[in-house]
Amino acid sequence: MATWNSRGLRGSTLEEFINHTCELYREKKLALIQKVPTPITPVQIDQKSRHITLAYFEKKSTVDYIGAVQGIPVCFDAKECNTDVFPLQNIHQHQVTFMKDFEEQQGLAFLILYFSHRDEIYYLPFRQMFSFWERGQKGGPRHFKYQELDPGWFLQRKGNILVPFLDGIQMDLDSRE
């Protein structure tokens, strides 16, 4: 059983950006995307702050977000990276399997990568992520480098839209035609 110890605000910046963007897309009736909660069982709670300090995961989660965009089912995971090398160990086998199955059901799966040290957001289509994953499984590098990414898939903020993943989805759909 996996355990969790609080590591501060790790990943919370990207999650807050995505949650804000999802709310704006919902208000504009462009998309309905929800954060998938990770079920945990608390083991220790700090009595002063009333925060969970130790817990275990009840089961493996699939992806961070799931929903629909104009009738298209979408799922994605959000990952934060503070270097130019992204370790594939940050993507778990059960997530890859879920995303692959999701795409086989005509859904759209992808990762949102936030390179925090560069303040850049990247839309990583599942097929590109899967090619990196397979390369690692076949004995190649178990990571990919920032320099390997296609510059056209970096997302540019637009006013209040902090993570404009609809732009990435449109590029993803266009590249499949």
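**Exercise 1.** In what order do the six strands of the open sheet lie?

*Solution.* Start with the ground rules: this is a predicted model, where local features need pLDDT of at least 70, side-chain atom pairs count only at pLDDT 80 or more, and totals for chains, interfaces and linings use all residues. Residues are numbered from 1 along each chain as its sequence is written, and side-chain values use heavy atoms, leaving out hydrogens and water. Strands (E, at least two residues) and helices (H or I, at least four) are DSSP runs numbered from the N terminus; two strands pair if DSSP finds at least two bridges between them. Now read off the order: S2-S5-S6-S8-S9-S11, with mixed pairing. Finish at the edges, where strand S2 (31-35) and strand S11 (154-155) each pair on one side only.

**Exercise 2.** Find how S8 is joined to S9, and which helix packs on the sheet.

*Solution.* First, S8 (residues 108-115) and S9 (residues 120-125) run antiparallel, joined by six bridges.

**Exercise 3.** Check the span of helix H1 (residues 12-27) and locate its buried residues.

*Solution.* At 1.5 Å a residue, the 16 residues should span 22 Å, and the end C-alpha atoms are 22 Å apart, so the two agree; the expected span is 1.5 Å times one less than the number of residues. Buried residues (under 20% relative accessible area, 1.4 Å probe, protein chains only) include Leu 14, Ile 18 and Tyr 25. The buried residues of H1 pack against S2, S5, S6, S8 and H4. Lastly, just after H1, Lys 29 has a positive phi of about 60°.

Notes: Contact = heavy atoms within 4.5 Å. Axes fitted to C-alpha atoms, helices over the stretch in contact; angles between N-to-C directions. Buried < 20%, exposed > 50% of the residue type's maximum accessible area, 1.4 Å probe, protein only.
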